[in-house]
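Please consult the sequence and structure shown here alongside the notes.

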Amino acid sequence: HTLGDKVLIYIANKLKETQQAVIRYGGDEFIVLFSEEFTEEMTTKIFQEMRDEILKKKIKAKNSSFQISFSFGIASFKIDEN
């Protein structure tokens with residue numbers, strides 16, 4: 001659990017680099033709320049570049065190392081929508 005917590009903290013900190021609202025929704029699920037000036041294409045590019053950067057990082061655990069990644073989905077909505 002300790003190593004998993006460190007990975008979640010690392011991912012959360014990377015998401016905070018977007019300078020948008022980051023919410024931990026569930027165990028390993030996060031929501032990032034972008035303002036309306038961001039298009040779906042822009043946010044997709046941001047997350048793809050972030051994932052590429054994260055894939056380059058090696059996480060060390062005892063005598064081995066591994067890579068981490070994440071998946072993402074994008075949903076658009078307007079402030080007045082449910």
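Read along the sequence, the chain follows the pattern α-β-β-α-β-β, made up of two helices and four strands. Helices (H or I, at least four residues) and strands (E, at least two) are DSSP runs, numbered from the N terminus. This is a predicted model, in which local features need pLDDT of at least 70, side-chain atom pairs count only at pLDDT 80 or more, and totals for chains, interfaces and linings use all residues. Residues are numbered from 1 along each chain as its sequence is written, and side-chain values use heavy atoms, with hydrogens and water left out.

**Overall dimensions and burial**

- The C-alpha trace spans about 50 × 25 × 20 Å along its principal axes.
- Of the 82 residues in the chain, 20% are buried, where buried means under 20% relative accessible area, exposed over 50%, and partly exposed in between (1.4 Å probe, protein chains only).
- Among contacts (heavy atoms within 4.5 Å) with a separation of 6 or more, 32% join residues 24 or more positions apart.

**Nonpolar core**

- The largest nonpolar core has 10 residues: Val7, Ile11, Leu15, Val32, Phe47, Met50, Ile54, Ile59, Ile68 and Phe70.
- At least two residues of this core come from each of α1 and α2.
- Such a core is a set of buried Ala, Val, Leu, Ile, Met, Phe, Trp, Tyr and Cys residues joined through side-chain atoms within 4.5 Å.

**Largest pocket**

- A pocket is an open set of points on a 1 Å grid over the protein atoms alone, where a 1.4 Å probe fits, with protein on both sides within 12 Å along at least five of seven lines; lining residues have an atom within 4 Å of a point.
- The largest pocket holds about 900 Å³ of space, a volume being the space filled by probe spheres set on the points.
- Its lining comprises 31 residues, with Val32, Leu33, Phe34, Ile74 and Ala75 nearest the centre.
- The elements giving two or more residues to this lining are α1 (2-16), β2 (30-33) and α2 (40-55).

**Individual residues**

- Thr18, in the loop between α1 and β1 (21-24), is buried at 13% relative accessible area.
- The Thr18 side chain reaches the backbone oxygen of Leu15 at 2.7 Å.
- Beyond its neighbours within four places in sequence, Thr18 is in contact with Val32, Phe34, Ile46 and Met50.
- Asn13, in helix α1, is partly exposed at 41% relative accessibility.

Definitions and conventions
Polar contact = N/O pair within 3.5 Å; in protein donor to acceptor, adjacent residues only side chain to side chain.
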